[in-house]
Amino acid sequence: MITRRHFIRSIGALSALGVSTAAYGVGVEPVLRLRVTRYHPRPRQWPADLSLKIAAIADIHACDPWMSLERIEGIVARTNALKPDIVVLLGDYVAGLHHVTRIIPSREWARVLAGLKAPLGVHAVMGNHDYWDDRTVQRTGRGPTMAHRALEAAGIAVYENDAVRLTKDGRPFWLAGLGDQLAFLPARRLRSMAHFGADDLNATLAKVTDDAPVILLAHEPNIAPRVPARVALQLSGHTHGGQVRLLGWSPAVAKQQGIRLAYGHVRLKCDLIVSGGLGCSIMPVRVGVPPEIVEVTLGRTGPAVS
């Protein structure tokens, strides 16, 4: 039998656990932790003898105090230390929070991201918050966003339903970037409408003009069930791994066509890797999914070559 004293002690212990978990989720994991998560997938469409190391950065959500310029500088330095062949930025650069002390202007965080270095360059797509935060783009119904322009001004290539042919060790591959799938909020009088996007998967892949393998950058992983086998690898962010993740499951991430595309490596027609990202959205809390830089190695490992 549970005595009154034991009951009170149990309640006190649970309360202390709740307070300590909340403190960790707000003050430690989202701010102080940073890990590198490594994947070595073997897509059927990717030649085994074509080695490529990719560093992927997602969901920065630049703002003080949660994602300061100094912290972004640390992320840039950690990414460069991986010595990737190519760096990809997967969207959501602007703040996704209201609980901030300063919204960092696009030109400032873009200037820091310009410090990223890789032999095959730095390549970016936009995220939903980059669109939602831009009132002019929302009013006119078209881009480019302020974030897009800031990255281009900093010398970083930005893709919206476009593709580029790159070469590693004399071997070609395609890098395709999809427009954001949740880009435009409905007008106030049409609040019952769903979000609608700037994405065009068919037009993007139509720009691939030979049989070289394809890597697709898409901020949201939602489109993965529609991506054809022509694509070897899709890289996405957006979910933050659920931001709160317990025992491998996140209640915040809904299923897409019966598949929970929340985090990690999933094999569909193409391989999909979803980053847990770096910043926070809605609330500055992370539990069970520390901020991460994703390193993906395709083919056999080897030194980076310009």
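**Entry 1: getting my bearings**

I began with a definition: angles under 35 degrees count as roughly parallel, over 145 as roughly antiparallel, 65 to 115 as roughly perpendicular and the rest as oblique. I noted that this is a predicted model, where local features need pLDDT of at least 70 and side-chain atom pairs count only at pLDDT 80 or more, while totals for chains, interfaces and linings use all residues. Residues are numbered from 1 along each chain as its sequence is written, and side-chain values use heavy atoms, with hydrogens and water left out.

I looked up the secondary structure and found eight helices and 16 strands; helices (H or I, at least four residues) and strands (E, at least two) are DSSP runs, numbered from the N terminus. Of the 306 residues, 52% count as buried, where buried means under 20% relative accessible area, exposed over 50% and partly exposed in between (1.4 Å probe, protein chains only). I also checked contacts, meaning heavy atoms within 4.5 Å. Among those between residues at least 6 apart in sequence, 74% join residues at least 24 apart.

**Entry 2: helix α4 and its neighbours**

I turned to α4 (residues 106-113). How many of its eight residues are buried? I found six, so I wrote down that α4 is mostly covered. They are Ser106, Glu108, Trp109, Ala110, Val112 and Leu113. Their cover includes α3, β4 (86-89), β6 (102-103) and α7.

I took α3 (residues 69-81) next: its axis and that of α4 come within 9 Å and cross at roughly 25°. Axes here are lines fitted to C-alpha atoms, for helices over the stretch in contact, and angles run from 0 to 180 degrees between N-to-C directions. The two helices, α3 and α4, are therefore roughly parallel to each other. On the α3 side I listed Leu69, Ile72, Glu73 and Val76, which meet Glu108, Trp109, Val112 and Leu113 in α4. By class, this contact of α3 with α4 has six nonpolar, no polar and two charged residues. For the classes, Ala, Val, Leu, Ile, Met, Phe, Trp, Tyr, Cys and Pro count as nonpolar, Asp, Glu, Lys and Arg as charged, and the others, Gly among them, as polar.

Then I checked α7 (residues 146-153), whose axis also comes within 9 Å of that of α4, with a crossing of roughly 40°. So α4 and α7 are oblique to each other. From α4 the contact uses Ser106, Arg107, Trp109, Ala110 and Leu113, and from α7 it uses Met146, Ala147, Ala150 and Leu151. I sorted the residues of the contact of α4 with α7 into seven nonpolar, one polar and one charged.

**Entry 3: a sheet and its edge**

I followed an open sheet of six strands, in the order β9-β10-β11-β12-β14-β13, with mixed pairing; two strands pair if DSSP finds at least two bridges between them. Which strands stand at the edges? They are β9 (162-168) and β13, each with a single partner strand, so one side of each has no neighbour in the sheet. The twist averages 20° from one strand to the next.

Inside the sheet, β10 (residues 171-177) and β11 (residues 214-217) run parallel and are joined by four bridges. Leucine 175 stands opposite isoleucine 215 in β11.

Last, I visited glycine 264 in strand β13 (residues 264-267). Is glycine 264 buried or exposed? Glycine 264 counts as buried because its relative accessibility is 5%. Leaving aside neighbours within four places in sequence, glycine 264 is in contact with Tyr39, Leu272, Ile273 and Val274. Serine 275 is 11 residues from glycine 264 in sequence and 6.4 Å away in space, C-alpha to C-alpha.
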